[in-house]
Amino acid sequence: MLEEARNRWHPIASTSDLPHRHVFHGQLMGREFAVWRADDGFVNVWENRCLHRGVRLSIGINDGRELKCQYHGWRYANRTAGCTYIPAHPADAPARTITNRTFPAVERYGLVWSAEEPIGEVPDIAGLAECDLLVLRAIPVNAPAGRVIERLKAHRFQPSGKLDAADGEISVEAAQEFSIALRSRYGGSETLAVFFVQPVDSNRSVIRGVLDHGVQGAGRIAVLRHHNERLSALRDLAEREAAAAPAPAPIEPVYERVSPELAELPELTTHGRKAALRVTVSKKWPAADGIAGFELRPVKGLLPTFHPGAHIDVHMPNGEIRQYSITNGPGETDRFVIGVKLERDSKGGSKCMHETVREGDVLAISEPRNNFPLRRDAVKTLFVAGGIGITPLLAMAQALKNQNLAYELHYFAQTEAQLAFPDRLEPLGNALKPHLGLSPEQTGAALRELLSSYKRDMHLYICGPGPMLEAARAVAAEQGWPETAVHFEYFKNTNMIDDSSSFQVALARSCVTLKVPAGKTILEAMREAGIDMPSSCEQGACGTCLATVIEGEPDHQDVYLSRSERESGTKIMTCVSRAKSARLVLDI
Amino acid sequence: MITLYDYELSGNCYKLRLMMSFLGIGYKTVPVDFYPGREHKSEWFLKLNPLGQLPVLEDDGLLLRDAQAILVYLASKYDPSNRWYPRDNPALLGEISQWLAFADGITGTASAARLHDGLFYELDIDAARVGAHRLFRILDEHLWFGEQEGRDWICSANHPTIADVACFPYVILSEEGGIPRQDYPAIRRWCDRVKRIKGFIVMSGVFPAGPAKAA
């Protein structure tokens, strides 16, 4: 019986149990749920335990976009239930396997329905229209669902129009294992009541009643009270009976190690630049002068969890691959929004996105990667964006705004019409500081001014064109910002790559030694030897193909590593950088 | 200066700290080692309160015991808005007194269960839990119908009163006595609302709420 019950939809809450910014504590057949409505209206039904220390998420904080655990502050995204931030590891993006188990949720007949593994749709209930219903107060009962159904078969109530009349005539319209429909008639008045019995556990249930017609005015409360009274009396009887019988053992829910959806996520580590996700361009619009906005929705299933600062690879119809930052705010998990600037000297990437890709097209994209993670423990965060460099910083600013943390977004552009995503900038209010039409000298002066106020535990994130980024880094260093507080992301690597050296690379963990001849990259040499490595931009800008150096002297040619990371000699970007020594030992 | 004879883990002492925080008034505390020191039964404390119970409050030479009584005093004296205990509204005062007595019932059941589980008091734990569930059912029903009628608080006012402050602590701490609130969704929503009152403070075992959605 229970196996079948697992496949069946059950109501687990009333729609009115899910006001905004609340977390409802639900349970179905022994399994507890944290149920919460995000500000975008989406109803999340999750396993009621934080993946960290197992604390109930039903006591967590619903901030409208994410659910925060009360214990150590782990944050989980609306819809995907993926972890977006771990306060104890502020500099890192959480592993994407940290994703809570989710269950389906459907709102129908004023109730929220869920199931462990549903088959089919939420059933149509004869006699109940979608609108104009009256949902009764739910009555929890300490008795098994079967016993409650038995009791309901003899349940009596009055038609809504005749509460004070003599007993109405009751007919059983339909009776099933977990629901029963009763009609009460008296003197031309009649009311159909459908009672669903939610099996909370082996010995606990909730009666959720719905009447076929709403009642307006003062009569409404009277009808609700009438049913509350009658059902409470039924509850007391059922509980007395159940107390006299031996209590069945509680149902032990099965806690899966990894959810099927998560197991189906493409592997991150072994496929180089393969793009395993298919998305539809659901919207394309001018996000600013010369910048096209794209809204990408999954062809099927859910998109993976993203973190602010993450980017995706977009595989274009012309075969080019480009990286674009996700501009979404937290909890906006039903789509990815990217902005693409038309480059004057486009080699086919932005031109193709602007001219060829249209709404309705299907694109292949990679899952989000985050090599530009956002700390959320700064006393204040400064963002410096130049032009299209706004995109990752916009996602970050929205995340900090949602948590009410201190930040400023300095946005450098030529004209106001070039400020991208005005609909996302506007809600940032005074935290947005546009700097328009400045010459390089004026830009330098503005940077010196805005970076003059460094205090301990402030952090700076920069993204923009190369020269501006260099200037901002130089000014920050001048003004006393430590390198560890300055985070940056280049669009591209404009260094001239010198690939004339040849050397040996020993892969310590793979027990392989490779020759890297002139004209070939370490990444290519590894791939030819069958050793796969994730990569994305393949020009030393994005940070995906980072490897740890155990021995030897790297010849850095990327723009991803900071100066101290370069000088430490312990990291290398395998797509462009090489070796100054004859031999390099990598931790691969 | 108000002096509160205080024990950090006592829900009844928290009640008063919470009230004084809502009212924005300053006070000092004298810690009383309730457990394991049993200082509330010591000679010096029994002079303050022969019942040997916390909390006790001293203000302007006035010595008061009993959390509910002290709520009445604080709200009457220190609330210029006259909302927490509206002295000129007899019907509301009657309602408030009714729920202050109910809060005593919660102390006698939910708080007792917590003393049993947390501080090893010997008492009939099953009776305490059954009693608390009986009261919670009544409160949940009351609050659910309140929501249906557009009322957010325990009493019939469009603002919280000391009745909400009196009932809140041992409701929110009930799980420490093995009394889950899963079956009381209207109580759980009311707890969120109490936590969003300006000036709300927590104690050990009470978590804050996030901000409400902007209207």
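## Basis of the model

The model is predicted, with local features needing pLDDT of at least 70 and side-chain atom pairs counting only at pLDDT 80 or more, while totals for chains, interfaces and linings use all residues. Residues are numbered from 1 along each chain as its sequence is written, and chains are lettered from A and ligands numbered from 1 in the order in which they are written.

## Helix packing in chain A

Helix 2 (residues 145–153) and helix 3 (residues 218–244) of chain A pack with their axes 10 Å apart and at an angle of about 135°, helices being DSSP runs of H or I with at least four residues. That angle makes helix 2 of chain A oblique to helix 3 of chain A, since angles under 35 degrees count as roughly parallel, over 145 as roughly antiparallel, 65 to 115 as roughly perpendicular and the rest as oblique.

From helix 2 of chain A, R147(A), V148(A), R151(A) and L152(A) meet L234(A), L237(A), A238(A), E241(A) and A242(A) of helix 3 of chain A, where contact requires C-beta atoms, placed from the backbone, within 7 Å.

## Contact between the chains

Chain B gives 16 residues to the contact and chain A gives 20 residues. On the side of chain B that touches chain A, helix 5 (125–148) and helix 7 (185–195) of chain B each supply at least two residues.

## Annotated span

UniProt, in an unreviewed entry, lists "domain: FAD-binding FR-type" at residues 274–375 of chain A. The end C-alpha atoms of residues 274–375 of chain A lie 29 Å apart, and the span is 7% helix and 39% strand, strands being DSSP runs of E with at least two residues.

Terms used: Axes fitted to C-alpha atoms, helices over the stretch in contact; angles between N-to-C directions. Contact = placed C-beta atoms within 7 Å. UniProt positions renumbered as here; feature names shortened; annotations may be inferred.
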